[in-house]
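Biologist: I am new to this model and would like a close look at one part of it. Please keep it brisk.

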Amino acid sequence: MIIRQRLAAGLCALLAALTAGGLAPAAAYADETDRGPAPQVELVLDVSGSMRARDIDGGSRMAAAKQAFNEVLDATPEEVELGIRTLGANYPGDDRRTGCKDTQRLYPVGPLDRTDAKTAVATLQPTGWTPIGPALLKAAGDFGSGDAAKRIVLISDGEDTCQPLDPCEVAREIAAKGIGLTIDTLGLVADAKTRAQLSCIADATGGTYTAVRHKNQLSKKVGQLVDRAADPVVNPVAVDGAGQCADAPKIKPGLFSDREEFGEHRFYRVDVDPGQELRASVSVAADRAVHQDYGVLLRAVTTHGREIVRGQESGDGRTDAISTGLRYPRPEADDEDDAGSAPETVCLQVSNSYSAPASVKTSPGLPVELTVDLVDGPEQASDVAAFGLGNGWWLLLALVVAGFLAGVIWGWLSRWRVAVWRTN
């Protein structure tokens, strides 16, 4: 009996070992396949002559930037591919044309060798001009193709000196390419004009602007932005809407980005099966100066132009973005109706009523972000009314009845009080 028990135990142990050995490679393979493309970050550093100023904790701006870079390079997550580009680091002369070409890729975007990157940064000395626009154009080409998250962290202490190549316009053009590139900006002891320009660059790409006056503040903020690139994000898929429904691109559930000119209409097509509910929302951002009083309209229409449902919102210049949405439930098809069981093509029309001063460029268009989802519809399509109240109709009806009863009771009480007053 004991021998049999030992044989059984040994056989079980052998089977467990074989099972564990067979499953381990499969688990590793699953981890490798689930891992997405490595996020990419490029630090763009202003090395112009003004970085010699000694107004950050008793040291120079350049010294603060070098210290921040060393700390960030030590703490960069392994999964992040990092690069470094400079502007104004090489040409000390007065020739504007040459100075505005002074941007250099100091360390390529890729797997990080901390020693090499630190050595490259240590040799930098404040030198020349501030070609922010040309540096951003070059930096946008430093990233590889693919769906990886892409982020530029621009650190500067002054506004661009290479006009008329406006850095804000450059940032808008980069955003219009739909490559999912975000630009965050940090201003070192920046004046009002520099703050406005760096804020405009960040706003154009959905990034952030931060004013910096201390070394530890700079190190902390750059580190946060690099870590943020490693966080999982959903990048919108670039799509080109059409001027009419017949030519509109067909899209599936997801997050999409586009550009829309001032006062333009753009169409997108979605197939909705019987029993599904289409949910869509759109946001249009004002990434430049616009006139007050504007609106955004999102309509779901048939391929013949008949309106199904709409959502609309208006603004008065107090917000940078305006959003609206809609819901369209399609009822279940009858079993006997073959035509009713086919998908219905719904056209989503996005319109805006923005306008801008004559001095503001209207191209590229305003950023548009469109979200589309298809979910199981309610048991009865009428549960979601055309006006978007859904089951809120019951609440509205209850409020009306309650208001009516309250009015009757109040009127009766008023008449009773008047009658008692007259009697007395």
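Biologist: In what order do the five strands of the open sheet run, and what kind of pairing do they have?

Modeller: The order is 7-8-15-10-13, and the pairing is mixed. (Strands are DSSP runs of E, at least two residues, and helices are runs of H or I, at least four, numbered from the N terminus; two strands pair if DSSP finds at least two bridges between them.) This is a predicted model, where local features need pLDDT of at least 70, side-chain atom pairs need 80 or more, and totals for chains, interfaces and linings use all residues. Residues count from 1 along each chain as its sequence is written, and side-chain values use heavy atoms, without hydrogens or water.

Strand 7 (237-238) and strand 13 (321-329) are the edges. Each has a single partner strand, so one side of each lacks a neighbour in the sheet. Strand 13 pairs with strand 10 (residues 276-285). That pairing is antiparallel, over nine bridges. Within strand 13, Thr324 stands opposite Val282.

Now the cores. The largest nonpolar core has 32 residues. (A core joins buried Ala, Val, Leu, Ile, Met, Phe, Trp, Tyr and Cys through side-chain atoms within 4.5 Å; buried means under 20% relative accessible area, with a 1.4 Å probe and protein chains only.) Helix 2 gives the most to this core, seven residues. Leu43 is among the members that touch the most others. Beyond its neighbours within four places in sequence, Leu43 is in contact (heavy atoms within 4.5 Å) with residues including Phe69, Val153 and Val222.

Val282 returns elsewhere: a second, separate core of 31 residues includes Val282, along with Val239, Val284 and Val346.

Terms used:
Buried means under 20% relative accessible area, exposed over 50%, partly exposed in between (1.4 Å probe, protein chains only).
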